[in-house]
Amino acid sequence: MNKELFSYAKSTVDRLHFPLPVKVVMIDLDGTLLDTAEDLALAANLMLRELGRPEHSVATIKSYIGKGIQRLVKRALTGDLNAEPEPQLLEVALPIYKKHYAENVHVHTKPFPGVKEGVELLRKAGFRLACITNKSESFTLPLLRATGFHDYFEIILSGDSLPKRKPDPMPLTHICKYFNVQPHEAVLMGDSLNDATAARAAGCHVFCVPYGYNEGRDVRELDCDAIVPSLVEASQLIVKATPQ
């Protein structure tokens, strides 16, 4: 086993034996499966331009990604990760953003390196695949279809599919029930604190990629089982669990 795969892993690695036996692989979308930052930034700046407000760089807007579209819009309006804009301004801005993002959801978006190969390896190995994202279904499904990933997943949960979304464990526990597996038989591939928090709360394993968004913070700060360069390396750290 390549030791480099564990170079940034947290202490949980010391308590685990790789490859981990699992049955289900859940994959986050923004920042893990697809690089959506440029299109999210494009929509944000088109919104700001329409509102007569100063625009932001792609790098700045990339640091705003991670808590859903409403939070992204709030951050774009205020230039702050935690500030709240005037309610009336948000009410006007949100539908403008959604309009622009719907029109530009797949302009620059593309899979990260190793994603297509990694997903193919996971499917060929017999893992059940699910996509879990906080992105609204109205954007998630067209984006997955446009990039050719829709049919890889047996179930797709968007941010509005259930009453709660990541970092709440509900989407992960829902997936486990859907596939009739125990939480420890599933692993989430993600890039952010939302993913790590949800997986820990659900009792699932979690691998994180270093190339994602994580609101501009270092992925090494996250409590995850391994940090993997891509989904290809992630596929090498798990094995299909055999039925009991």
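Glutamate 215 counts as buried, at 10% relative accessibility; by buried I mean under 20% relative accessible area, with exposed being over 50% and partly exposed in between, using a 1.4 Å probe and protein chains only. Glutamate 215 also has a positive phi of about 55°, although it is not a glycine. You'll find this residue in the loop between β8 and β9.

Before I go on, a word on what we're looking at: this is a predicted model, where local features need pLDDT of at least 70, side-chain atom pairs count only at pLDDT 80 or more, and totals for chains, interfaces and linings use all residues. Residues are numbered from 1 along each chain as its sequence is written, and side-chain values use heavy atoms, with hydrogens and water left out.

Now back to that loop, which runs between β8 (205–208) and β9 (226–227) and also holds asparagine 214. What is phi of asparagine 214? It is near 50°, again a positive value in a residue other than glycine. Asparagine 214 is buried too, with a relative accessible area of 3%.

Let's zoom out to the whole protein. How many helices and strands are there? The secondary structure comes to 9 helices and 10 strands; these are DSSP runs numbered from the N terminus, with helices being H or I of at least four residues and strands E of at least two. The radius of gyration is 18 Å, close to the 18 Å that the globule rule gives for 244 residues, so the protein is as compact as a globular protein of that length. That radius is taken over C-alpha atoms, and the rule is 2.2 Å times the number of residues to the power 0.38. Along the principal axes, the C-alpha atoms fill a box of roughly 60 × 30 × 30 Å. Of the 244 residues, 52% count as buried.

As for contacts, meaning heavy atoms within 4.5 Å, take those with a separation of 6 or more: residues 24 or more positions apart account for 67% of them.

On to the inside. A nonpolar core here is a set of buried Ala, Val, Leu, Ile, Met, Phe, Trp, Tyr and Cys residues joined through side-chain atoms within 4.5 Å. The largest one has 57 residues, and those with the most contacts inside it are Tyr97, Phe153, Phe207 and Ile238. Which helix gives the most to this core? That would be α1 (residues 37–50), with 7 residues. Do click on isoleucine 238: leaving aside residues up to four places away in sequence, its partners include Pro19, Leu122, Phe127, Met189 and Phe207. There is also a second, separate core of 25 residues, with Val24, Met26, Leu162 and Cys176 among them.

The peptide bond from phenylalanine 18 to proline 19 is cis, with omega near 0°, and proline 19 sits in the segment before β1 (20–22). Another cis bond runs from lysine 166 to proline 167, with omega near 15°. Proline 167 lies in the loop between β6 (155–157) and α7 (170–179).

My last stop is histidine 100, placed in helix α4 (residues 87–103). Is histidine 100 buried or exposed? It is buried, with a relative accessible area of 9%. Not counting residues up to four places away in sequence, histidine 100 touches Ala43, Leu46, Met47 and Glu50.

Thanks, everyone!
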